[in-house]
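Please look through the structure below together with its sequence. The paragraphs after it go through the parts one at a time.

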Amino acid sequence: MYQVLYRKYRPKVFADVYGQEHVTSTLLNEIKEGRISHAYLFTGSRGTGKTTCAKILAKAVNCEHNQNGEPCNECEVCKGLDAGTIYDVVEIDAASNNGVDNIRDLREEANYTPARGKYRVYIIDEVHMLSTGAFNALLKTLEEPPAHVIFILATTEVHKLPATILSRCQRFDFKRIQPETMSVRLKEVAKAENMNLSDEAALLISRIADGGMRDALSILDQCAGRSRDIDEALVSDVAGIAGREALYELSQAVSEKNSGKALDIISTLHQNSYDMERLCVEMINHFRNFLIAKTVNKSRELIICTDDEYKNILSSAEAFTLPNIIYALDLFQQTLTQIKGGANSRIEMEMSFIKLCEPKLETSQEAILSRLSSLENAVKNGVVMQAQSSAPVQEKKIIPEEPAKEIEPPIKEEPVTEKQEAPAQEQPKEEQAEIDMPVKHEEISAPAPQQEAPVQSATQEEFSQWPDFMEAVYKKDIALYGILNGSKGYVRGDFFLIDSKNPVVRDFIKIPTHAKAIKQALYDVTGTIFKLGLFKQAPKAEKSTDPLEDLISKAQGNVKIDVD
């Protein structure tokens with residue numbers, strides 16, 4: 001009968017146990033010096049070697065010719081224990097033998113001397129599954145067992161064990177096996193089985209296994225069932241995960257704010273039977289690599305990948321700011337929780353990418369910080385952020401600044417320097433304020449506006465119908481009503497300027513639906529179609545002593561931002 005790889009290549013000596021040198025070296029020294037404890041506790045995640053080390057320890061303490069603490073595997077006792085013909089080593093599954101009666105039977109058996117070896121060894125696997133009564137029944141025997149008895153307790157959830165049990169055992173914590181160490185072992189097994197395993201495939205299997213050697217060997221076994229030549233593509237296909245190219249394409253779609261492209265990629269992966277939960281985990285690891293690349297000086301040591309992929313990670317991370325990455329990680333973590341809770345995995349993943357590609361749809365604090373970070377990064381780099389606008393060019397107007405008050409910077413694709421001046425013979429053109437949203441006149445039924453007075457003669461006054469305006473807004477857009485609450489307005493010519501201390505107002509009214517609601521409410525109250533702007537207090541005459549404020553002021557004056 002065929003024997004699976006993780007059973008066939010289970011270590012038989014401590015030297016074959018990979019990634020747990022801190023445990024095996026201590027156990028070897030105790031056996032050599034004869035300082036064997038009566039109770040051991042092995043704890044760690046699945047597949048890290050807890051049960052394997054327990055079996056090796058049981059053989060080593062009973063071996064007739066142990067070699068520097070290692071079992072010889074040649075004597076009658078070692079062979080008998082491997083074959084199961086010697087009953088001095090007893091394995092107990094605490095998940096199915098967790099009652100008081102089971103522990104009482106164990107205590108009675110422990111009084112009998114070993115039949116062939118030096119010790120009777122009881123290996124209790126998943127010991128955290130024992131009931132409270134069973135733990136209490138085990139306490140006295142565990143503390144003062146007969147001289148010929150050794151208890152080895154193994155568990156993946158050590159926090160569930162009573163403190164009275166923990167204090168009676170020597171505790172050994174098994175670490176997750178590092179991907180580099182695991183890939184070496186996988187290459188050895190593949191060579192022994194006449195498989196051609198590439199380095200990239202071995203590393204990918206190690207990442208998927210998440211520190212468990214048993215899981216890694218199971219994946220390798222499954223790949224060998226498809227082909228003896230195992231590469232990264234085959235591993236991705238067998239494990240049902242997205243290839244590295246798909247991850248980079250998805251992150252690029254996020255950086256480009258292209259939700260359509262992201263959904264097309266997800267659709268293709270779903271049609272190819274890729275697991276959406278695994279895709280979510282891969283995206284978390286992918287953005288984690290971006291996080292390490294952005295924050296750690298020697299990030300190469302913390303990112304498990306090939307040299308070529310590391311270069312791709314560094315270049316792709318440049319498209320994201322640190323708040324963007326943290327927001328994406330938080331969002332994918334929430335998505336993973338939703339998927340594990342039974343939600344439709346594909347829909348949850350699609351919603352996550354839409355939120356990442358369309359930040360204005362998400363109003364959480366993290367999303368707003370992510371958007372502000374993108375804006376600050378653009379200002380710092382001197383980048384002109386431009387979006388499509390349906391307003392005709394000839395309708396744009398310029399609102400000049402007055403000494404006491406200031407309007408947000410006008411919309412232009414090229415920065416306007418202080419030295420640029422209009423010819424004396426030409427009348428200065430008017431342009432919409434920065435946040436004015438294009439709304440077709442036919443959407444609001446009203447007579448065509450009359451010829452306006454020159455901008456120089458326009459006066460600014462406080463909007464006296466604000467309560468009526470807010471009541472109209474409440475009927476059309478409750479969310480907008482909450483944002484504008486506590487604000488006030490000013491009228492300058494055909495511009496309606498909003499004065500608010502709420503920093504969210506600026507981004508909120510850039511959304512076309514909210515801008516249309518404001519204009520419609522103004523028309524219902526006044527019968528006039530206004531353009532929108534933000535009221536901004538004029539800077540104080542005193543010179544700022546903070547250099548950062550000066551830099552921010554200069555950046556705001558030199559970078560122009562167009563919005564929908």
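The buried residues of helix α12 are covered by elements that include α9 (199-209), α11 (232-239), α13, α14, α15 and α17. Contact here means heavy atoms within 4.5 Å, and buried means under 20% relative accessible area, with exposed over 50% and partly exposed in between (1.4 Å probe, protein chains only). Helices (H or I, at least four residues) and strands (E, at least two) are DSSP runs, numbered from the N terminus. The model is predicted: local features need pLDDT of at least 70 and side-chain atom pairs count only at pLDDT 80 or more, while totals for chains, interfaces and linings use all residues. Residues are numbered from 1 along each chain as its sequence is written, and side-chain values use heavy atoms, with hydrogens and water left out.

The buried residues of α12 are Arg244, Ala246, Leu247, Tyr248, Leu250, Ser251, Ala253 and Val254. This helix has twelve residues and reaches 17 Å from its first C-alpha to its last, close to the expected 16 Å; the expected span is 1.5 Å times one less than the number of residues. Just after α12, Lys257 takes a positive phi of about 55 degrees.

Leu250 also belongs to the largest nonpolar core, which has 38 residues; Leu250, Leu279, Met283, Phe287, Phe332, Met349 and Phe353 touch the most other members. Such a core is a set of buried Ala, Val, Leu, Ile, Met, Phe, Trp, Tyr and Cys residues joined through side-chain atoms within 4.5 Å. Two or more residues each come from α12 (244-255), α13 (259-271), α14 (276-295), α15 (307-317), α16 (322-340) and α17 (345-357). The most come from α14, which gives nine. Leaving aside neighbours within four places in sequence, Met283 is in contact with Leu247, Leu250, Phe332 and Phe353. A second, separate core of 26 residues includes Ile177, Leu197, Leu217 and Ile230.

Now to the sheet. Five strands form an open sheet in the order β2-β3-β4-β1-β5, with parallel pairing; two strands pair if DSSP finds at least two bridges between them. At the edges are β2 (89-93) and β5 (170-174), each of which pairs on one side only. Neighbouring strands are turned by 15 degrees against each other on average, direction ignored. Helix α3 (residues 50-62) packs on the sheet, touching β1, β2, β3, β4 and β5, and its direction makes about 155 degrees with that of β1. Axes are lines fitted to C-alpha atoms, for helices over the stretch in contact, and angles run from 0 to 180 degrees between N-to-C directions.

What surrounds strand β4? Seven of the seven residues of β4 (residues 149-155) are buried, so this strand is largely enclosed by the rest of the structure. Val149, Phe151, Leu153 and Thr155 are buried on one side, and Ile150, Ile152 and Ala154 on the other. Strand β1 (residues 39-44) pairs with β4 in the parallel sense over five bridges, and Tyr40 has Ile152 as its bridge partner. Strand β3 (residues 120-125) pairs with β4 over six bridges, also in the parallel sense, with Tyr122 opposite Phe151.

Five bridges also join β1 to β5, which run parallel, and the partner of Leu41 in β5 is Arg171. Thr43 is found in β1 and counts as buried at 4% relative accessibility. Not counting residues up to four places away in sequence, Thr43 touches Lys50, Thr155, Val158, Arg171, Phe172, Asp173 and Phe174.
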